[in-house]
Amino acid sequence: MKKLSQKWRAWLDTFLTDGKSKISYQKLCDSEGNPLEEDDILFADENLMTGKQTLDVWGLDCRDEEDFLTLDMEGVIPVFDETGNFPIALKTRDGHLAYLKVSRKTKEVLPIHAGCCPVLSVIFIGAPSAGKTVHFLQLCDPAFHDMLARNTTCSFEDDLPSDAVRRKRYEEARADMKNKKILPEPNRKGEVILPYYFYVQRRAGEETRRVLLRLDDIDGEQCTDMEWESKIFQSNIFIITIGADELLAAERGEDVQYTRVIKQLLPRLKVLRQDGEYEVRVMITKCDLLDFTNPYLAPAAENSIEVKDRKIRQTAHETGFDYHVFKKRSRCIQSYLRKECSNFYNNLINAIPAEKLDFCMVASIGEECKDHRYENFKPMFIDEPILSILAKEGLYPVEVPRERPAEEEAGGAVKSARQKFYDAVDRFKDFMGLSDEYDDFMDEDKEDDED
Ligand SMILES: Nc1nc2c(ncn2[C@@H]2O[C@H](COP(=O)(O)OP(=O)(O)O)[C@@H](O)[C@H]2O)c(=O)[nH]1
Ligand SMILES: [Mg+2]
């Protein structure tokens with residue numbers, strides 16, 4: 001059935017008991033982790049927010065303790081956009097427009113599409129100095145979104161309407177990192193870091209998928225001294241970041257912090273997220289420090305991006321996310337971790353069901369940095385973690401599985417019939433979104449082959 005145009009819908013809405021009956025609100029949390037119900041979303045404009053005007057100027061009765069509009073007020077009309085489920089603004093009959101959404105609980109400004117589409121929230125967990133913020137800043141960079149969008153029908157929009165002062169530090173840090181090669185200051189303990197929201201859309205045939213992608217960076221001390229009541233447990237996807245420097249230190253038998261993070265995170269996840277509606281990605285950062293001649297890592301060495309004229313370009317996932325490439329790298333990382341940090345690895349796989357767990361790596365800068373500066377920018381794999389999340393949600397195209405020539409595999413060895421069979425099963429599993437329960441068995445086989 002053909003959809004009504006926006007104009008018609010807006011016009012009809014003014015007659016149909018304000019259009020409120022068709023609202024299907026999509027739940028979200030504010031930055032402090034408070035779950036917000038439909039009537040916790042307040043509406044305002046700049047004047048109401050700053051107290052320059054009050055609701056009586058708008059010709060409305062102020063029932064609420066403050067000057068905000070709510071959906072159930074007499075005389076307000078909802079304004080919808082293409083997401084449809086929940087209004088993006090409210091207006092009054094005499095033309096005042098409340099275009100800012102505000103959390104009743106914290107009074108913070110919420111994203112434009114709050115309540116309009118499902119939220120996919122991704123949080124970076126890891127010890128101080130693991131490399132969370134550097135990667136986070138890259139993910140929030142419009143130039144990065146431009147790179148991801150190329151050759152696809154995906155779009156990324158910064159969905160927070162305000163230039164919050166608290167966000168300024170991150171915006172400046174990103175500018176310094178890109179333009180002056182200065183790395184971000186370490187986060188202070190308990191620093192309030194506002195989440196970033198991106199309205200991600202992808203058109204595929206007749207259908208357009210939409211999601212509010214929420215990215216949260218936190219200070220590392222919240223991860224090494226994790227509270228049970230922490231807001232972090234509201235997220236859908238937990239990215240556990242582990243600096244390669246720490247992995248190498250652990251190999252040398254030194255004390256490391258990432259084990260502390262895991263020790264605290266796993267029991268909390270089990271208790272607090274009995275719903276099981278979450279996923280975990282283990283992300284090795286600073287992977288330039290790893291030895292890619294290591295037999296486990298060698299097959300995973302080919303970069304997925306390249307830098308030309310200071311611009312990053314995708315190579316492996318240029319026309320769509322290539323699960324084969326990603327999964328191969330994921331398996332290499334697993335084999336590496338299983339050998340080099342066996343207890344950590346076993347703790348993970350024993351605590352988190354295989355279908356919720358994946359492994360990836362990045363080098364956001366790609367070289368050892370001194371005095372908070374870097375010289376050369378040689379990033380590796382920075383598109384893969386986020387693409388693996390978006391592709392799974394149907395928000396990024398997936399490269400159609402195809403046969404690969406045998407030379408592409410590690411060492412150019414001709415594939416055995418058994419390996420070909422495994423690869424076929426693997427592609428089928430990826431295609432169907434099935435779990436990785438065979439992966440251990442496959443890796444053990446590979447180790448046997450190497451022997
Ligand atoms: N070798 C290397 N070091 C990196 C890379 N990215 C970040 N680092 C180092 O890691 C430090 C901490 O990064 P940061 O993102 O602030 O860590 P956070 O505390 O987890 O947020 C930086 O200051 C850099 O010295 C990288 O790609 N390679
Ligand atoms: Mg940080």
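Predicted model: local features only at pLDDT ≥ 70, side-chain atom pairs only at ≥ 80, totals over all residues.
Guide: Residues are numbered from 1 along each chain as its sequence is written, and chains are lettered from A and ligands numbered from 1 in the order in which they are written.

Visitor: Why are H9 and H10 called oblique to each other?

Guide: Helix H9 (residues 323-340) and helix H10 (residues 342-351) pack at about 120 degrees, with axes 5 Å apart. Angles under 35 degrees count as roughly parallel, over 145 as roughly antiparallel, 65 to 115 as roughly perpendicular and the rest as oblique, so H9 and H10 come out oblique.

Visitor: What makes Ala 44 a contact partner of Leu 69?

Guide: Contact means C-beta atoms, placed from the backbone, within 7 Å. Leaving aside neighbours within four places in sequence, Ala 44 has such contacts with Met 49, Phe 68, Leu 69, Ala 98, Leu 100 and Val 102.

Visitor: Which residues touch the most other members of the largest nonpolar core?

Guide: Ala 44, Leu 69, Ile 125, Ile 239 and Ile 240, out of 101 residues. H9 gives the largest share, seven residues. A core like this joins buried Ala, Val, Leu, Ile, Met, Phe, Trp, Tyr and Cys residues through C-beta atoms within 7 Å; buried means 20 or more other C-beta atoms within 10 Å of the residue's own.

Visitor: How much of the chain is buried?

Guide: Buried residues make up 36% of its 451 residues.

How values were computed:
Buried ≥ 20, exposed ≤ 12 C-beta atoms within 10 Å, placed from the backbone. Axes fitted to C-alpha atoms, helices over the stretch in contact; angles between N-to-C directions. Helix = DSSP H or I, 4+ residues; strand = E, 2+ residues; numbered from the N terminus. Contact = placed C-beta atoms within 7 Å.
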